[in-house]
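The following exercises are to be worked through with the sequence and the coordinates at hand.

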Amino acid sequence: MKKHSFFGIGDILPYLKAFRPEIIGMVIASLLGSLIDIGVPLFQRYALNRFVAAQDMRTLPSFIAVYLAAILGAAVCNYVACIWGMKVEVGVERDLRDAAFSHLQTLSFSYFNQNSVGYIHSRVMSDTQRIGELLSWTLLNSAWQLCYVIGAVAAMFVIRPGLAWLVTSILPAVALLYAVFQKRLFTLNREIREQNSRITADFNEGIMGARTVKTLVIEDKLAAHFADGTEKMRSKSVSAARYHGLFAVTMSFASSLALALVLWKGGVIAKEQIGTFSMFMSYALGLMEPVRWVVDAIGSLITTQINIERLCKLLNTRSDVVDTPEVIDRYGDNFSPKRENWEPLHGDIEFRDVSFRYPDGEETVLEHFDLKIPFGTNLAIVGETGAGKSTLANLVCRFYEPTEGVMLVDGRDARERSQLWLRSAIACVLQTPHLFSGSIRENLLYGNPTATDEDIRRALAFVSAEELVDSLPQGLDTDVGESGDLLSTGEKQLISFARAILADPRILILDEATASVDTLTEQKIQSAIDRIIRGRTSIVIAHRLSTIRNADRILVVSDGKIVEQGRHEELLAKKGAYYRLYTRQYEDEATGAALGTR
């Protein structure tokens with residue numbers, strides 16, 4: 001049985017070290033402000049007893065001066081506490097989000113396959129916000145309220161112990177009653193946050209899949225599903241609001257009860273010392289809110305425990321692909337590479353008795369797979385969907401590790417050197433190209449940050465994309481939109497090829513790079529491919545078999561095994577698996593052309 005990991009506030013404390021001065025200052029300022037607020041009823045007691053009851057005005061000027069100074073001091077203390085509280089909140093949120101996002105960059109593909117965008121977004125944004133609030137405002141208010149309760153109770157006991165016992169006798173009952181409410185509210189709040197995560201995930205899917213939604217004409221179904229989720233959110237939120245309202249009424253009743261007790265037993269005092277009576281009235285009315293805050297802070301700590309656990313679970317998730325401490329010590333990691341220790345990568349690749357199954361699956365995709373790819377080879381891989389073609393590319397890039405066996409690069413186990421060392425020498429062009437928000441120039445510079453405009457122009461010309469860029473309103477500075485959606489698929493693919501060229505990789509992987517483009521763009525890309533692959537190790541995963549006729553070697557893969565290999569002419573002559581794939585595709589294309597569907 002898998003052991004459950006429990007994460008608590010102690011796991012977050014390291015992120016508070018940088019804000020220790022602000023936290024100390026915040027708590028001290030809050031305590032000072034609370035002490036002054038405790039003294040306000042004592043000022044009232046003094047004023048009423050001396051200036052009203054005794055009609056003695058001799059100390060009135062000094063009283064006014066001290067009272068104004070106290071009011072000003074409380075305002076300054078509360079202002080300072082709020083400023084430092086805000087610094088702690090936004091600072092902790094920033095550091096937690098930076099840590100979470102940076103950690104996400106180190107995780108392997110399996111994590112993103114198993115967790116939705118909405119789920120991850122909620123961990124990085126919502127959970128960090130709740131934790132930041134807990135460590136700032138909850139801490140700040142708890143310090144103030146707790147100090148006020150202790151100080152007010154102490155003042156009452158010093159002045160009138162009997163009446164103090166009567167007023168404070170209801171505080172434990174109020175705290176217990178609120179704890180009961182808080183337990184139910186905790187459950188409801190947890191359900192609300194989980195439902196909110198589902199709504200966020202549905203929202204992301206609806207936006208990211210907008211094109212698919214419209215082509216399938218399922219707007220009504222998605223809208224109904226989203227409305228169902230928001231209705232559940234509304235229902236749970238209303239239930240939570242009812243409990244909050246019921247508790248507010250209970251607290252109001254408790255305050256009225258405390259006030260009634262003072263009025264009942266304080267009549268004699270009012271005749272003799274109207275100031276003392278007024279002081280008890282103020283404390284009776286003011287004690288319930290701090291008690292609620294203290295219990296609420298405990299509840300917040302409990303409810304925020306969920307956020308802490310979920311965030312820490314992310315931060316403690318271990319990637320399926322990791323470098324050993326020895327490798328990191330020599331080669332560095334993704335954020336602190338030690339490039340001076342990197343050996344030149346030649347480009348020989350070998351799979352030696354490799355078996356592989358995905359971390360979230362039980363089916364073996366590759367089984368006892370052997371393959372040598374010498375540097376400079378143009379290797380094409382073909383096969384039916386699910387045969388294991390893309391898996392080979394993922395293993396070459398170390399996006400996954402072999403379940404058994406070993407992958408060698410330049411004759412050494414790839415795990416003996418860092419992931420970044422290997423990936424810095426690889427460029428991938430995928431079937432569905434991805435561009436980042438920003439300009440074309442910025443996207444191209446991801447391939448080579450030091451590239452000049454001349455280098456960029458040369459790369460664009462290499463893939464016949466220079467004319468495309470020149471036709472755009474702002475040329476290289478044209479914004480491509482989110483995920484490059486302001487460009488067509490073919491245009492994005494050409495930019496992706498140019499980016500790969502700028503990287504000048506030793507190993508080039510083309511994963512069905514022409515499967516989603518029109519014929520004219522495919523011709524441009526194919527012409528570029530023939531030039532790009534020269535002097536590199538290239539692995540071409542092909543859907544259209546007509547694009548790999550000139551490959552040095554073609555592998556036909558089925559069920560994770562090589563069933564045929566050779567050059568295009570040799571495989572056609574065998575009339576085996578490759579011949580059947582090729583002729584079937586040729587027949588399909590010919591039929592489509594005759595019917596006008598291609």
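**Exercise 1: Helix 4 and helix 5**

In this predicted model, the axes of helix 4 (residues 117-159) and helix 5 (residues 161-168) come within 6 Å and cross at roughly 145°. Identify the residues through which helix 4 and helix 5 meet, and classify them.

*Solution.* Step 1: helix 4 contributes Val-153, Met-156, Phe-157 and Ile-159 to the contact. Step 2: helix 5 contributes Pro-161, Ala-164, Trp-165, Val-167 and Thr-168. Step 3: the residues of this contact between helix 4 and helix 5 comprise eight nonpolar, one polar and no charged.

**Exercise 2: Helix 15 and helix 17**

Describe the geometry of the pair formed by helix 15 and helix 17, and state which residues make the contact.

*Solution.* Step 1: the axes of helix 15 (residues 453-462) and helix 17 (residues 489-503) come within 8 Å, with a crossing angle of roughly 125°. Step 2: helix 15 is therefore oblique to helix 17. Step 3: the crossing of helix 15 and helix 17 is right-handed. Step 4: on the side of helix 15, Asp-455, Ile-456, Ala-459, Leu-460 and Phe-462 take part, and they meet Ile-495, Ala-498, Ile-501 and Leu-502 in helix 17. Step 5: the residues of the contact of helix 15 with helix 17 divide into eight nonpolar, no polar and one charged.

**Exercise 3: Strand 3 and Asn-378**

Is Asn-378 buried or exposed? Determine also how strand 3 is paired.

*Solution.* Step 1: Asn-378 lies in strand 3 (residues 378-382). Step 2: the relative accessible area of Asn-378 is 11%; the limit for a buried residue is under 20%, so Asn-378 is buried. Step 3: leaving aside residues up to four places away in sequence, Asn-378 touches Ile-533, Ser-538, Val-540, Asn-550, Ala-551, Asp-552 and Arg-553.

Step 1: side chains in a regular strand alternate between the two faces of the sheet. In strand 3, Asn-378, Ala-380 and Val-382 point one way, Leu-379 and Ile-381 point the other way, and all are buried. Step 5: strand 3 runs parallel to strand 8 (residues 537-541), to which four bridges join it; the bridge partner of Leu-379 in strand 8 is Ile-539. Step 6: strand 3 also runs parallel to strand 9 (residues 553-558), again with four bridges, and Ala-380 stands opposite Ile-554 in strand 9.

**Exercise 4: The protein as a whole**

How many helices and strands does the protein have, and what percentage of the residues is buried?

*Solution.* Step 1: the protein has 20 helices and ten strands. Step 2: of its 598 residues, 45% are buried. Step 3: among contacts with a separation of 6 or more, 77% involve residues 24 or more positions apart.

Note on methods: Residues numbered from 1 in each chain as written. Predicted model: local features only at pLDDT ≥ 70, side-chain atom pairs only at ≥ 80, totals over all residues. Heavy atoms only, no water. Axes fitted to C-alpha atoms, helices over the stretch in contact; angles between N-to-C directions. Helix = DSSP H or I, 4+ residues; strand = E, 2+ residues; numbered from the N terminus. Parallel < 35°, antiparallel > 145°, perpendicular 65-115°, else oblique. Left-handed = near helix turned anticlockwise from the far one by under 90°. Contact = heavy atoms within 4.5 Å. Nonpolar A, V, L, I, M, F, W, Y, C, P; charged D, E, K, R; others polar. Buried < 20%, exposed > 50% of the residue type's maximum accessible area, 1.4 Å probe, protein only. Pairing = 2+ DSSP bridges.
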